[in-house]
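These entries record what I looked up in the structure.

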Amino acid sequence: MPVLQRPEAEARAQLLHVDHYEIALDLTHGDEEFASRTTVHFTARTAGDTFVEIRPAALHTATLDGHPLDPTTLDDNRLPLTGLTPGPHELRLDATMRYSRTGEGMHRFTDPADGESYVYTQLFMDDVQRVFGAFDQPDLKATFALTVTAPPTWTVLANGRTEQLPDGTWRTATTPRISTYLVAVAGGPWHSVRTEHAGLPFGIHCRASLAPHLDADAEEILDLTRRCYDRYHQIFQEPYPFDSYDQAFVPEFNAGAMENPGLVTFRDEFVFRSAVTDTERQTRGMVIAHEMAHMWFGDLVTLQWWDDIWLNESFAEYMGYQVLSEATRFTDTWTDFAIARKGWGYDADQRPSTHPVAPAPQDVPDTASALLNFDGISYAKGASALRQLVAWMGEKDFLAGINDHFARHRFGNATLADFIDSLARSTDRDVHAWAERWLRTTGVDTLTPAVAEEPGTWHLDIAHTGNRPHRIAVGAYDPDPGHPDRLALRDRFDVDIPADGHPTRHTFPQAAPALVVLNDGDLTYAKVRFDAASWETAARALSGLPDPLTRAVVWNAARDLVRDGELPPTAYLDAARTHLPHETDLAIVQGVLSFARTQIADRYLPSPTPSTPHAPGDPRTARHTALTTLTALSRDLLRRTEGPGHGPEAGLRLTAVRAFIDSATGPESLQEWLHDGSVPGGPDLDHELRWRILGRLATLGAAPIDELDAAIAAELARDQSATGQEGAARCRAALPDPAAKQAAWEALFTTDEESALSNYLFTATAAGFWAPEQQDLLRPYVARYFAEVPALAARRGPALAKAAGRYAFPAVLVEDATLRHGERCLAEGDPTPALRRTLDDQLDDLRRALKVLAGNAS
């Protein structure tokens with residue numbers, strides 16, 4: 001499919017002013033296709049030629065100002081519009097469109113729990129063409145009015161208020177001027193909870209089979225929504241710009257959520273069917289706050305072209321965490337950001353595919369390249385840069401600049417230059433120079449302390465590798481006299497580190513502290529190191545630091561040291577074993593356990609295979625030892641949380657249960673839990689835990705294959721939901737059986753479109769397929785993966801391409817052969833842009849893992 005080139009978009013924006021769309025959708029034509037009729041009212045500023053985008057199953061008719069156009073001139077997704085004269089025009093398109101099974105365009109889903117069907121749109125970037133014809137670029141905003149014909153039992157949701165007409169069709173209120181990618185429709189027999197707030201209708205919606213779970217959390221979700229709404233109105237002078245606020249939890253959604261004005265769509269895993277931790281509830285709250293921020297950042301004021309996606313995502317990310325911490329009970333959101341989110345940015349920024357937060361215009365020449373930049377840099381690094389900007393210029397001036405930006409560009413489009421100008425009008429700081437250093441550069445700076453001591457005085461020298469200025473806090477800690485296993489803050493002071501990289505010296509009275517923490521409070525984006533004495537103190541007393549955000553900074557530093565080959569992976573495991581039993585912040589426990597399990601145990605330590613005997617002390621036993629350490633740690637956490645109801649530590653206990661299951665090296669305890677239906681002392685096993693146990697038992701080959709397969713079938717009979725289907729697919733793909741692996745592979749890479757897996761079933765199958773315990777069985781599939789994945793990505797589109805690159809990649813085969821096959825695929829396999837970027841990243845992570853492995857072996 002031709003992708004839109006930036007020069008084409010600029011030329012079309014010069015030629016056209018788009019006024020209004022009238023869209024009529026008929027969703028009663030079966031499971032595969034729907035009818036779409038588009039009327040576009042636009043004005044040509046001068047005479048000229050252009051095109052409109054549409055990707056139909058069939059284009060039946062097209063007329064321009066009442067004159068028929070030849071549908072056969074449609075070239076892939078472009079219908080030429082030639083000989084335009086200056087003045088108003090009306091374009092009409094009548095087409096049949098296809099439903100999607102990949103979460104792009106108009107996605108259709110049939111719930112296996114009750115047979116009910118649902119549809120929703122995801123029109124981001126260039127997928128509006130899958131639903132209706134449009135001049136599809138963000139700076140050609142227009143108003144939109146829709147009518148939707150739907151089955152009689154359905155409710156239709158859209159960007160504005162909807163009403164059902166006497167003939168059964170649904171009509172939406174006309175939107176304000178918005179971009180094409182923000183139009184949204186969702187249809188089905190939704191279960192809805194409705195209320196009003198600040199004079200506006202609010203609603204939350206999910207599929208009918210999830211109704212009890214939504215009802216259980218409805219007040220929490222609506223309370224968070226109201227609190228965030230009120231906080232945004234305290235800090236933003238521009239009021240909420242749309243006529244209603246609906247939040248729909250939709251099935252098989254690719255992203256976390258999408259900021260459609262007035263109708264935010266979320267992945268419906270946020271309607272919790274099983275027990276979750278408070279940190280997971282906090283994450284849901286952050287996503288609610290993030291998407292609401294988009295109503296201003298992205299929807300009211302929209303980027304002009306896709307090089308400025310940070311104007312959407314970085315701001316929503318920053319505001320989501322900040323507003324949630326200010327307006328709700330979730331006051332420690334920045335700790336979760338530090339431990340669970342920031343590493344995403346650090347990792348992305350150290351790969352060859354890194355890019356500036358705000359790339360140069362020539363680096364985003366088309367929509368395909370723009371799509372690649374929705375990554376850890378545009379979200380986590382961009383939010384970190386904004387947090388540093390607030391620390392540097394002050395929150396008052398920062399918010400003044402934001403409000404100036406909204407006032408100058410409301411319902412329009414803006415660029416980086418526009419935003420920096422608004423900030424500059426609100427402060428005497430040199431924001432333009434700051435933006436050049438922070439937003440136009442790549443890579444992660446490193447801050448390294450050196451501590452020297454003289455009688456009665458100590459000196460701190462901070463070496464700076466990088467090219468950005470930083471305003472940080474430095475924490476000085478000593479042992480707490482009353483509690484030798486704890487640390488007390490002696491002093492915290494602000495330091496400005498210049499961009500030139502010259503070391504800065506600071507001198508203080510007293511003896512040197514036991515621990516010096518750079519970037520205490522995590523206000524900047526940089527890797528930090530420790531002097532030798534400080535690291536010794538941290539390794540001994542990390543859990544004794546009083547502030548969880550400080551502990552998160554230290555854990556992140558340890559993570560970076562492991563990835564950079566400067567700290568043995570086993571040392572990280574030792575620190576986890578020592579300190580997590582005493583950790584009080586659940587986000588830290590979850591983040592450290594996740595890195596230890598998925599990176600250290602699965603990738604950074606050698607893994608034994610059945611065909612490779614090993615003797616005691618052989619380094620190939622290192623992975624088994626790591627898993628044993630993690631199960632022992634999990635048991636420590638379980639003992640800590642024993643007691644009726646477990647009180648506030650129920651989330652910690654659930655985390656420990658999950659970690660034990662995922663790290664188990666034998667089936668005994670897991671089989672007992674599954675048989676009893678509970679963990680001794682609780683919790684009872686819900687669907688999520690039962691599928692997790694079955695997945696681990698399948699991976700371990702804990703019983704004959706036919707018995708395991710029967711257990712999976714029995715569990716699916718107990719849980720006939722979509723999540724149950726995904727659990728069964730994951731478990732069957734995990735079976736250590738050649739026939740099971742071949743069946744899973746065929747399901748993943750089938751060329752039969754009718755039997756092709758949906759995006760979620762694809763991900764579940766891929767996640768179950770690769771297991772470090774099964775390397776001999778899996779090794780022949782490495783070459784097959786790199787041979788077959790380019791065609792799969794080309795056939796099934798960007799969303800599946802990213803899933804295939806992320807989840808189906810043979811990450812557990814940390815071997816030179818995997819790297820060689822991957823490099824050959826990039827050189828000769830002609831992968832699509834989405835697949836190429838994902839493979840680039842995966843192969844760079846593989847190179848890093850190989851280096852860590854080599855260093856560990858030596």
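**Entry 1: Arg640**

I located Arg640 in helix 15 (residues 622–640). The model I am reading is a predicted one.

Next I listed the contacts of Arg640. Setting aside residues up to four places away in sequence, Arg640 touches Leu580, Pro581, His582, Glu583, Thr584, Glu649 and Leu652. With one of these, Glu649, I found a polar contact between the two side chains, at 3.0 Å. I also looked up Arg653, which is 13 residues from Arg640 in sequence; the C-alpha atoms of the two are 8.3 Å apart.

**Entry 2: His464**

I found His464 in strand 23 (residues 457–465). Its relative accessibility is 6%, so His464 counts as buried.

Which backbone oxygens lie by the polar atoms of the His464 side chain? I noted that of Pro498 at 3.1 Å and that of Arg468 at 3.4 Å.

**Entry 3: The nonpolar core**

I recorded 279 residues in the largest nonpolar core, where Tyr232 and Phe398 have the most contacts. Helix 14 (residues 586–604) gives the most to this core, with 11 residues. For Tyr232, I noted contacts with Ala289, Met292, Ala293, Trp296, Met319, Gly320 and Val323, leaving out residues up to four places away in sequence. As background, nonpolar side chains tend to be buried together in soluble globular proteins.

Definitions and conventions: Residues are numbered from 1 along each chain as its sequence is written. This is a predicted model: local features need pLDDT of at least 70, side-chain atom pairs count only at pLDDT 80 or more; totals for chains, interfaces and linings use all residues. Side-chain values use heavy atoms; hydrogens and water are left out. A nonpolar core is a set of buried Ala, Val, Leu, Ile, Met, Phe, Trp, Tyr and Cys residues joined through side-chain atoms within 4.5 Å. Buried means under 20% relative accessible area, exposed over 50%, partly exposed in between (1.4 Å probe, protein chains only). Helices (H or I, at least four residues) and strands (E, at least two) are DSSP runs, numbered from the N terminus. Contact means heavy atoms within 4.5 Å. A polar contact is a pair of N or O atoms within 3.5 Å; within protein, one must be able to donate a hydrogen and the other to accept it, and residues adjacent in sequence count only if both atoms are side-chain atoms.
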